[in-house]
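Here's a quick briefing on how two chains sit against each other, and on what packs inside. Have a look at the model first, then read on.

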2 protein chains.
Amino acid sequence: MTAFAFDLLSTDKAARRGRVTTAHGTVETPCFMATGTAATVKAMTVESVRATGAELAICNTYHLMLRPGAERVAELGGLHKFMNWHGPILTDSGGYQVMSLAGLRKMDEHGVVFQSHVDGSKHELTPERSMEIQYLLDSNITMCLDECTQNGATRQEANESMQRSMRWAERCRKVFVRREGYGQFGIVQGSVYPDLREESVRALSAMEFEGFGIGGLAIGEGQKMMFDVLDFTLPHIQTDKPRYMMGCGTPSDLVGSVQRGIDMFDCVMPTRSGRTGKAFIRRGSLNIRNARHAADPRPIDDTCTCPTCQNYSRAYLHHLFRCEEILGAMLLTHHNLHYYQNLMREMRGAIEAGQMEAYAAQFHDDQAKGDIAAL
Amino acid sequence: MTAFAFDLLSTDKAARRGRVTTAHGTVETPCFMATGTAATVKAMTVESVRATGAELAICNTYHLMLRPGAERVAELGGLHKFMNWHGPILTDSGGYQVMSLAGLRKMDEHGVVFQSHVDGSKHELTPERSMEIQYLLDSNITMCLDECTQNGATRQEANESMQRSMRWAERCRKVFVRREGYGQFGIVQGSVYPDLREESVRALSAMEFEGFGIGGLAIGEGQKMMFDVLDFTLPHIQTDKPRYMMGCGTPSDLVGSVQRGIDMFDCVMPTRSGRTGKAFIRRGSLNIRNARHAADPRPIDDTCTCPTCQNYSRAYLHHLFRCEEILGAMLLTHHNLHYYQNLMREMRGAIEAGQMEAYAAQFHDDQAKGDIAAL
């Protein structure tokens, strides 16, 4: 069996080049996870997901506990077999989704009682149950159940919320079933308050998790504030554990966060955009539904090596979206995931070469150029 | 350049094993086309379509003349390049779709004026324009514009309709641009009336088309009547030209039609069913949405070698359909197309071996068995 491990291979200022080792394989960092919410990366086969270079998939406790149910996934041999993804899997705790249900949930110190958005049935999620579900799913990286403190919280609100998350983290750690090649991450909260963030890191460090999630960011605070929080939080985290920035972000968010020392990311942006017509390109982004693409024989991005850009014109993709053809979502999602994975690949190379600052400067220059108009 | 050709390789009673040669490659017959209506086989990549064994794609004049327009496809280099399908393409004439518009169309001897179902804009389709569109699309096999005589037509109605289709066929043949490796098929009409069908075959034979479509079937007349029509029609068709049964059918329709001497088929059934949850299996069919599959670890069909059956349980596919995940449509469409292509492959082998009758008997036995219930 392989022990769960994080190896820090090299650094370039605060940026880090590393490797996470799990029972189901390794993940080169900085990495961007493939978002497989309901045990599927939307509009992608697992073969295509792998072809983009993704090594880690993230699935969602909330969605899977409702359908098909954690016990059923366990009976069927676990999530890897269920979804035919044999690489490492991280699962989030379900807390973020449950807390977003607003009118449909009631939270106290014990946990959260909520109504399913699917059929209105009642469910309970506690730190202990979330850990049990993630164990049943056979997740390689289990995330603690926490409360994602709302953007704009006062210091007192943020403190109370963070303290509860730390008490929950302790309960999560207590029931976590240790297995070779499996790890558990605590989640740093504290909103935008430096002392609260520092206190949260200290509390989690004492519990000796295998890694740190950075929670409560990318929820409307803006990029500048988000980077500020990273700047005053990350230096308190021990360097020999991976740092995972949850639910983030745009390509620019990723570059800035890597420069500050983040190792892992997940976000629905490339997949969701792929279904609604937005494409990420080296020179920014474009919406393929726009009429200006209707007769354009060029690929989405002529610097891109993905199968979509190698084989299809903007005109064809525009046609597919206009006709609401599923293949449009498939091809554009593939392109976007390839774009994100390529960005991570390039950043890993830049860190190894000690060129991360120059890389970031070039990235921002390219993004600012904007799409080239058709002839 | 390669000449358009049909080679009859072997026969087994009325069943025929052949090969169609086009400028874009060959097609082993009997064959089932991949339905690519709007220049995409719904929920499939072209790589996956090819992996099922499909060699010929069918696209639709009606859909493509409205979006993106035939002139635009021509500007972009033709349909093969547009949709990245470099094998042979057959296009239908648009007639069947236009005539289905009921209130939205007006037909006379000249052609049909109709309103687009997309935006209500007015369009005209004549034999000459349909041929021009299919030329612009760069279709390898152009179908004549005809009138699909309605099921239940009286002898007089069927005769008038067939006579018009024959006059239109003559206009189509007159404007067809001959190119190496490209062919044009006339379409036999005449409803359920033996003498009208015979007259239609005679008329088309005189025009020396490269092949024959059999129209006006699989429109509600029932399998027995459909087979009767084949029985009294096909013997009149010269043996050295391919016969294409349009818009048909179920697996059982295909087996019976091959036994009667049909070489080519197209039908939306495997792709449409793949999006709505119906799977074709050796022992009949099943609906994956059915609750009995929710915990079933078995593949859809344990005799099937498709990637879906090799890698995914019924429980997973049930989950995908229950969550309305696009991957459900992708995986089930792939399975269904593989099923259809495998059926054609097996029939080609059976004809070569002189075992078509035994094969058909075994097929019907297997289908009658029905799905095996979960343990």
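**Where chain A meets chain B**

In this predicted model, ten residue pairs are in polar contact between chain A and chain B, both partners at pLDDT 80 or more.

**Make-up of the contact side**
- Sorted by class, the side of chain A that touches chain B has 22 nonpolar, nine charged and five polar residues.
- On the contact count, 36 residues of chain A are up against 35 residues of chain B.

**Buried area**
- The size of an interface is often quoted as the accessible area lost when the parts come together.
- Here, about 3,100 Å² is buried between chain A and chain B, and carbon and sulfur atoms give 59% of it.
- A:Arg67, A:His319 and A:Glu325 supply 18% of what chain A buries against chain B, more than any other three residues.

**Salt bridges**
- Two salt bridges are counted between chain A and chain B.
- In a salt bridge between side chains, A:Lys42 meets B:Glu325 at 2.5 Å, N to O.

**The nonpolar core**
- In soluble globular proteins, nonpolar side chains tend to be buried together.
- The largest nonpolar core has 197 residues, and A:Leu79 and B:Leu79 touch the most other members.
- Leaving out residues up to four places away in sequence, B:Leu79 touches B:Ala39, B:Cys59, B:Leu64, B:Val73, B:Asn84, B:Ile89, B:Thr91 and B:Leu137.

Technical notes
Residues numbered from 1 in each chain as written. Chains lettered and ligands numbered in written order. Predicted model: local features only at pLDDT ≥ 70, side-chain atom pairs only at ≥ 80, totals over all residues. Heavy atoms only, no water. Contact = heavy atoms within 4.5 Å. Buried area = accessible area lost by both parts, 1.4 Å probe. Salt bridge = Lys/Arg side-chain N within 4 Å of Asp/Glu carboxyl O. Polar contact = N/O pair within 3.5 Å; in protein donor to acceptor, adjacent residues only side chain to side chain. Nonpolar A, V, L, I, M, F, W, Y, C, P; charged D, E, K, R; others polar. Core = buried A, V, L, I, M, F, W, Y, C linked by side-chain atoms within 4.5 Å. Buried < 20%, exposed > 50% of the residue type's maximum accessible area, 1.4 Å probe, protein only.
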